[in-house]
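Morning, everyone. I have one structure to go through today, and I will keep it short.

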Amino acid sequence: ALSWSIANVRKYHRKQLPEGFDSFEIRPGIFTGERVTPIDSAGLYVPRGRGSFPSMPYMLSVPAVEAGVRRVCVVTPPNSDGTVDPACLYAARLCGVSEIYRVGGAQAIAALAYGTESIKPVVKITGPGSVYVTAAKRLLYGKIDVGLPAGPSESVIIADSSADPYRAALDLLIEAEHGSDSSAVLITDSEEIAEKVKGYLSSIIENVPEPRKTFLSDVFRGYGGIILTSGLAETAEIVNLYAPEHLQIAAADPIKASKLIRNAGEILLGQDTPFSIANYATGPNAVLPTGGMAKSFSPVSVRDFTKSTSLIYADRKGLKDITPHVIALADYEGFNTHAGALRMRKEQQ
């Protein structure tokens, strides 16, 4: 399963490789272009607190390796006996990552940022973690790149009268089982669907083993629920305000409905596309922005591990033509040496 899923994730992320662009002539004698290069190093945080997550090493490692990052390392909390989960180690090996440290929490984030005797610092940290991990990354903002905000899991399902309420209930529980601080919301304009889903939720949760059963119960007492709307337009407005991490559209025409959505980490079209398959094996990354940050952040991708550099060249003619415009702007802004470097060049010619 790991090999099969990693192949899909690799195939998807390879498509994301940015290429920059060759130099072109903006004005006679002035040429500009863009070069894309990978960042030098990346530290990937793989959580362990609520279970073993071998999907995280490949969701984080594949885009970094595909981007060409020279040093990719993983930090993850050890098991009670001091070992690292074997499936996580195997997944990392399949991705070509061999630098792994048995450390978690805020101290792991600090080690990656500042370095220790055994862990060299990195220029970027990414990966979901506990509230302590999230807080540590926020404290380090400005010191290093701490990646996208990935907090407690959240999901929204849009359902119209054509939806299968039983499958909607099943899918509503998927992200909710991550923990008591997760969020799961059904938004529908059908009162009948709302009532049926509500009924199914109770019976399904009753048969889920612990500790997930408690997580699910807590979510629907605190951060989950069903919202009844007047129609698709209002439903889409709520989704765009919420900007959920995961969104599934269970509607007669999910593609048409998706065109109303601006803010979501991922959009799953139809009830044959449950959150489960996207979390593991469809190819797109499962590390997504949370807490409403899908309004401005994107899923983890190859682009997270690359940077662009502008290339500029001017010949004598280009410099001559651009000089009066730059002098005018520099004089207006009061930058004497900006303008002076051009004026004195002209005097020498």
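**The cavity and the chain around it**

Helix 3 contributes the most to the lining of the largest cavity, namely 3 residues. This is a predicted model, where local features need pLDDT of at least 70, side-chain atom pairs count only at pLDDT 80 or more, and totals for chains, interfaces and linings use all residues. Residues are numbered from 1 along each chain as its sequence is written, and side-chain values use heavy atoms, with hydrogens and water left out.

A cavity here is a set of points on a 1 Å grid over the protein atoms alone where a 1.4 Å probe fits but cannot get out, and lining residues have an atom within 4 Å of a point. How many cavities of 30 Å³ or more does the whole structure hold? The search finds 1. The largest cavity holds about 30 Å³, a volume being the space filled by probe spheres set on the points.

Its lining consists of Pro57, Val74, Thr76, Val84, Cys88, Leu89, Ala92 and Ile100. Strand 4 (71-76) and helix 3 (86-95) each supply at least two of the lining residues.

Now the chain as a whole. It has 13 helices and 12 strands, which are DSSP runs numbered from the N terminus (helices H or I, at least four residues; strands E, at least two). The C-alpha trace spans about 85 × 55 × 35 Å along its principal axes. Of the 349 residues, 46% are buried, meaning under 20% relative accessible area with a 1.4 Å probe, protein chains only.

Conventions:
Buried < 20%, exposed > 50% of the residue type's maximum accessible area, 1.4 Å probe, protein only. 1 Å grid on protein atoms, 1.4 Å probe; cavity = no way out; pocket = protein on both sides within 12 Å on 5 of 7 lines; lining within 4 Å.
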